[in-house]
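Please walk through this model with me, one place at a time. Keep the structure open as you read.

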Amino acid sequence: MATTSYLTPTQSYAAGALFGLALHQAQIHQTHPLGLDDPTDDRTETSDSSSSSNDAVSEDPGLWVHQNSGLLRPVFKFLEISSNAWYGLEETAGTSSANRHVGAFLRLLAEESGENSSQREDQELALSTAVDVTARSMDEDSESSKSKREKLREYEHECREKFSTAEVQSNLEAEDVHLLQETDSNTFEIKDADHALMSKMTEKPIEEVTMLSYRRKVTVLYVLLSACLADTSDDNKKCNRQRKGYDARHRVALRLLATWFDIKWTKMEAIEIMVACSAMALAKEGESKREEEKQPSKNKWAKWKRGGIIGAAAVTGGALMAITGGLAAPAIAAGLSALAPTLGTLIPVIGAGGFAAAASAAGTVAGSVAVAASFGAAGAGLTGTKMARRVGSVDEFEFKAIGENHNQGRLAVEILVSGFVFDEEDFVRPWEGQNDNLERYVLQWESKNLIAVSTAIQDWLTSGLALQMMKQGAMLTVLSTLVTALAWPAALLAATDFIDSKWTIAVDRSDKAGKLLAEVLLSGLQGNRPVTLVGYSLGARVIFKCLQFLAETECDAELVERVVLLGAPISINDENWEAARKMVAGRFVNAYSKNDWMLGVAFRASLLTQGLAGIQPINIPGIENVDVTDLIEGHSSYLWATQLVLDQLELDTYYPVFRSTTCKQ
Amino acid sequence: MGSSSNQPEFDYLFKLLMIGDSGVGKSSLLLSFTSDDFEDLSPTIGVDFKVKYVDAGGKKLKLAIWDTAGQERFRTLTSSYYRGAQGIIMVYDVTRRETFTNLSEVWAKEVDLYSTNQDCIKMLVGNKVDKESDRVVTKKEGINFAREYGCLFIECSAKTRVNVQQCFEELVLKILDTPSLIAEGSKGVKKNIFKEKAPQPDASTSSCC
């Protein structure tokens, strides 16, 4: 099998080590985000010699790099790293200032390939070209983003006309225009500023990275991803990780690694698609073979090796499409046919060889079955299950697929939750303008209750009383009083009674929906792929409650990769934010608007003394607090401005980003 | 392999590093020390790591020992492990002269270059004394080198376990004799980033006995 692997043993070792380092750093960044507060910046750390003083990794089962997490060893196994070296690798990854090792391992990775080097170089070339082509075709797919923007603009306009009379007019027309301009400039100017920021923040020994060829880097990422998916850990009984498939922590570690490598994340997404498609192809192949015959295992091996040839076949034509029954992304098919003239049938482009190696390492075909299970080949898991049973008193809980990325082998899922809606389409439309490469779903829940409470709030806003107060400028200052709970304007108090009962019901339902969402994730309906959760208003509460529920189970941050809460009606002091944070492997964003007094009114003074996530930063390490006051004039702004906030957050970057100020001089 | 899961209490934690040419018996020495065992080992890949609890000088010690690969191709890797080590064990094979000369020409320079610890204790170890008939490096030469370089010296055999315990013990006692190293190794310095907000640990801890 050695000939099918893309890397030399030494390179595999280095790759495994780097992955381990990335994994551990990712866990550190959970509570100490990169670039925000970094007390041990390694460049200036020479005087700090206490690096030796941490405990051994083997004694801290809470670590992601500990063997019980089941995150690292299967990867080592797939990479065919000798088990003698595992212990040392884990410890290396876990040393407190591991960053200094990164350069050394990168250098090791840059090593020449040895006797098979020309063959390997060809493989690297083929692979990286395929990745490029796939990435490019993904970009072309997203050309439609412009029209999406148009749609969003339209939606924004509608919303504004419908609801924002009371809120916006107080802020003058000029503000309105300003916001629109912002929309334009923000989306496109951002990119350049980003890179300066990035190189500053990644704090990596750049010299070593430049030693590595682009091809080598792509190859390493490809192999590592295959290793994450192949999951050959069946025999480890101590392993805490029940779930098969693509762990959110894996994805975060890969994201960091890609950042170290200075590889754009879209390339990584292209790699994901390629691995997914070739894995699906292999799994299909394996299934049909097993049904046909129960041959002695030797014959099976021949079949598995043939699995490695699938890639080659795909280069020549649509074989892959045939095998996967149309599941393969059009993107990859296009990419591969574009490749054909340049490379011919020279090499198996898709890393089927890698999977064959995985199977050999596991000694069974179980490896590939895990692959198939890992991203629910059909991808219909979420939408297929409307709520089969009613939980508690939740009447409606349903996933709807949006965007074009379904059944295309995307290895990450995004679930979007609205929470302030006037119409059923408000569950979908706020999210339509978004442009990323995730398989996206919106969660439609309790529309009746949500519409009721939203409308009640809106009605009250447009009522004479509120307008009166607004004119007096009361509302703009109310919030500060609310927070300190010194004074409640009497008029306001009376007014909220009107909203209160509906609000109480909606909050209660959101808590239950959160539990339901957690159950869905736990049962793996998303196909054991990492999930990104985004929600505003009560939708954010659903997500938070979901995380809390996950925290109560034995779960670690294996399911949820990223979370964005916008205008969240969640108490700060009363809730266990640390526990929720631990459930999220990557970034955890709290977007708040200091002017969202409506949220304050609805949430009531008694709770406000305990802090409110939607209007204040949360002082918990690891949570990115983002002030969106400039974008959010009132609570209903979230309907159309959520998109803008998400754009500025650039969720695909590893480290915290929010560029609200770029276009304001 | 590895340590027991219920962690014994300890007073100090010291980081030790083993270096030297490929095949001089670093891993065998470590195995002999940690589990009183000897077997033919394949060359170490990258780095290995072992923990051993010992009592010395009336203190309970936890030794975190990093065993590096001697092979040339892993040389770049080794350099990043010197940092923070309180003790460095330089091993040569008494039956192969080049492993001895390489210590002064290669390894000693690496130590000077990469070790961050001024007071770090170095120990020269001549391994494989069980092959007395094949010996080419005399004890005298070893002593002279050690004196010149300012480090401890011992000859031992991982196979027969002669002087193996003594080797580590001497090193540890010497570390315990050095106040600055004790300060680094004391438990107070330990920081667990996942439990606290990782305040920059104060190097001066109440440790003088």
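A:Val428 is buried, with a relative accessible area of 15%. The cut-off for buried is under 20%, so A:Val428 falls on the covered side. This is a predicted model. A:Val428 sits in a loop of chain A, between β2 (413-417) and β3 (439-445). Which residues does A:Val428 contact, leaving aside its neighbours within four places in sequence? They are A:Lys400, A:Ile402 and A:Val442.

Now go from A:Val428 to A:Asp262. The two are 166 residues apart along the chain, and their C-alpha atoms are separated by 35 Å. A:Asp262 also belongs to a loop, the one between α11 (248-261) and α12 (265-292) of chain A. Is A:Asp262 buried or exposed? A:Asp262 is exposed, because its relative accessible area is 53% and the cut-off for exposed is over 50%.

The backbone of A:Asp262 deserves a look too. Most residues other than glycine have a negative phi. A:Asp262 is not a glycine, yet its phi is positive, near 60°.

Find A:Glu650 in the segment after α27 (638-649) of chain A.

Step back into the helix itself. How many of the 12 residues of α27(A) are buried? The count is 12 of 12. Among them are A:Tyr638, A:Trp640, A:Leu644 and A:Val645. The buried set also includes A:Asp647, A:Gln643 and A:Gln648. Just after this helix comes the positive phi of A:Glu650.

Pick one residue of α27 in chain A: A:Thr642. Its relative accessibility is 0%, so A:Thr642 counts as buried. What does A:Thr642 touch, not counting residues up to four places away in sequence? Its partners are A:Trp431, A:Tyr536, A:Leu566 and A:Ser637.

A:Gln11 is part of helix α1. A:Gln11 has a relative accessible area of 0%, and therefore is buried. Its C-alpha atom is 9.8 Å from that of A:Ile81, although A:Gln11 and A:Ile81 are 70 residues apart along the chain.

Two packed helices are described by the angle between their axes and the distance between the axes. For α1 (residues 9-31) and α4 (residues 99-109) of chain A, the axes come within 9 Å and cross at roughly 155°. That angle makes α1(A) roughly antiparallel to α4(A), because angles over 145 degrees count as roughly antiparallel. The crossing of the two is left-handed.

Which residues of α1(A) and α4(A) make the contact? From α1(A) come A:Thr10, A:Gln11, A:Tyr13, A:Ala14, A:Ala15, A:Ala17, A:Leu18, A:Leu21 and A:Gln25. From α4(A) come A:Asn99, A:His101, A:Val102, A:Phe105, A:Leu106, A:Leu108 and A:Leu109. By class, this contact has 11 nonpolar and 5 polar residues, with no charged ones.

Chain B has a helix pair to set beside this one. Helix α1 (residues 26-35) and helix α5 (residues 164-176) of chain B pack at an angle of about 90°, their axes 9 Å apart. So α1(B) and α5(B) are roughly perpendicular to each other. In α1(B), the contact is made by B:Leu29, B:Ser32 and B:Phe33. In α5(B), B:Val164, B:Gln165 and B:Phe168 take part. These residues divide into 4 nonpolar and 2 polar, with no charged ones.

End with chain A as a whole. Chain A has 27 helices and 7 strands. Of its 665 residues, 63% count as buried. Its accessible surface comes to about 23,600 Å², and 53% of that belongs to carbon and sulfur atoms. What share of the contacts in chain A with a separation of 6 or more comes from residues 24 or more positions apart? The share is 84%.

How values were computed
Residues are numbered from 1 along each chain as its sequence is written. Chains are lettered from A and ligands numbered from 1 in the order in which they are written. This is a predicted model: local features need pLDDT of at least 70, side-chain atom pairs count only at pLDDT 80 or more; totals for chains, interfaces and linings use all residues. Side-chain values use heavy atoms; hydrogens and water are left out. Helices (H or I, at least four residues) and strands (E, at least two) are DSSP runs, numbered from the N terminus. Buried means under 20% relative accessible area, exposed over 50%, partly exposed in between (1.4 Å probe, protein chains only). Axes are lines fitted to C-alpha atoms, for helices over the stretch in contact, and angles run from 0 to 180 degrees between N-to-C directions. Angles under 35 degrees count as roughly parallel, over 145 as roughly antiparallel, 65 to 115 as roughly perpendicular and the rest as oblique. A crossing is left-handed if the near helix is turned anticlockwise from the far one by less than a right angle, and right-handed if clockwise. Contact means heavy atoms within 4.5 Å. Ala, Val, Leu, Ile, Met, Phe, Trp, Tyr, Cys and Pro count as nonpolar, Asp, Glu, Lys and Arg as charged, and the others, Gly among them, as polar. Accessible areas come from the Shrake-Rupley method with a 1.4 Å probe; for residues, only the protein chains shown count as cover.
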